[in-house]
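Open the model in your viewer and keep the selection panel at hand. The stops below say what to select and what is there.

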Amino acid sequence: MKLSLIAAASLLAGLALASSTAGAQTGATDVGRPAAVIPLASEPAAKLVVYPPLADPLARGVVILQYRTENVRIIPVFGDGARGVSPRVGHLHVTVDDRPGTWAHTSGDPIIVVGLTPGVHKMLIEVADPTHKILTAESIAVTVPERPAASQPHTH
């Protein structure tokens, strides 16, 4: 079969596009991650990084903490059956000022806390497996600044 020069160029361009599209499915963030078929015992330990609160909202009394995890996906899955999922899944436990109440944070969204009084507050963020076993934790101090008298606290 003979192809014209234009048809051959079009075919080569299509093949190059298909090749680059297939390569785009494995992004730079996928490099170094364990394959989904590796047993949990072989996966590296879970890691948590919590960033300082965002400054602009903090000045208004709203604590917004961004974070990232490594070797664990934060999703709303609980129970013994989910402990064997690979790659590992879990959720966060968030505790403010050593209070008895802890809540579960189950998404990759930032942690948002409103209503704290001005001053220094301790926030404990723990990565827990689906049965609430703590895998790793980070504690940070957050200073909520004084607000001018004209400024009203954030309400819903």
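**The whole chain**

The chain exposes about 9,800 Å², and carbon and sulfur atoms supply 61% of that area; accessible areas come from the Shrake-Rupley method with a 1.4 Å probe, and for residues only the protein chains shown count as cover. This is a predicted model, in which local features need pLDDT of at least 70, side-chain atom pairs count only at pLDDT 80 or more, and totals for chains, interfaces and linings use all residues. Residues are numbered from 1 along each chain as its sequence is written, and side-chain values use heavy atoms, with hydrogens and water left out.

Colour by secondary structure. The chain has two helices and nine strands, in the order α-β-α-β-β-β-β-β-β-β-β from the N terminus. Helices (H or I, at least four residues) and strands (E, at least two) are DSSP runs, numbered from the N terminus. Of the 156 residues, 26% count as buried; buried means under 20% relative accessible area, exposed over 50%, partly exposed in between (1.4 Å probe, protein chains only).

**The core**

Select Val63, Leu65, Ile111, Met123 and Ile125. In the largest nonpolar core, which has 21 residues, these touch the most other members. Elements giving two or more residues to this core include strands S1 (47–50), S2 (62–65) and S8 (119–128). A nonpolar core is a set of buried Ala, Val, Leu, Ile, Met, Phe, Trp, Tyr and Cys residues joined through side-chain atoms within 4.5 Å.

Now centre on Val63. Leaving aside neighbours within four places in sequence, its contacts (heavy atoms within 4.5 Å) include Pro53, Ile111, Met123 and Val144.

Select S5 and S6 (residues 102–105): they run antiparallel, joined by four bridges. DSSP must find at least two bridges for two strands to pair. Thr95 stands opposite Thr102 in S6. Five residues lie between the two strands of this hairpin, and Asp97 in the turn has a positive phi of about 55°.

**Salt bridges**

The whole structure has four salt bridges, each a side-chain nitrogen of Lys or Arg within 4 Å of a carboxyl oxygen of Asp or Glu.

Select Glu43 and Arg88, whose closest N and O atoms are 3.9 Å apart. Glu43 is in the loop between helix H1 (5–23) and S1, and Arg88 in the loop between strand S4 (73–74) and S5, 45 residues apart. Both are buried.

Next, select Asp98 and Lys122, a salt bridge at 3.1 Å, N to O. Asp98 is in the loop between S5 and S6, while Lys122 is in strand S8. Asp98 is exposed, at 59% relative accessible area; Lys122 is partly exposed, at 35%.
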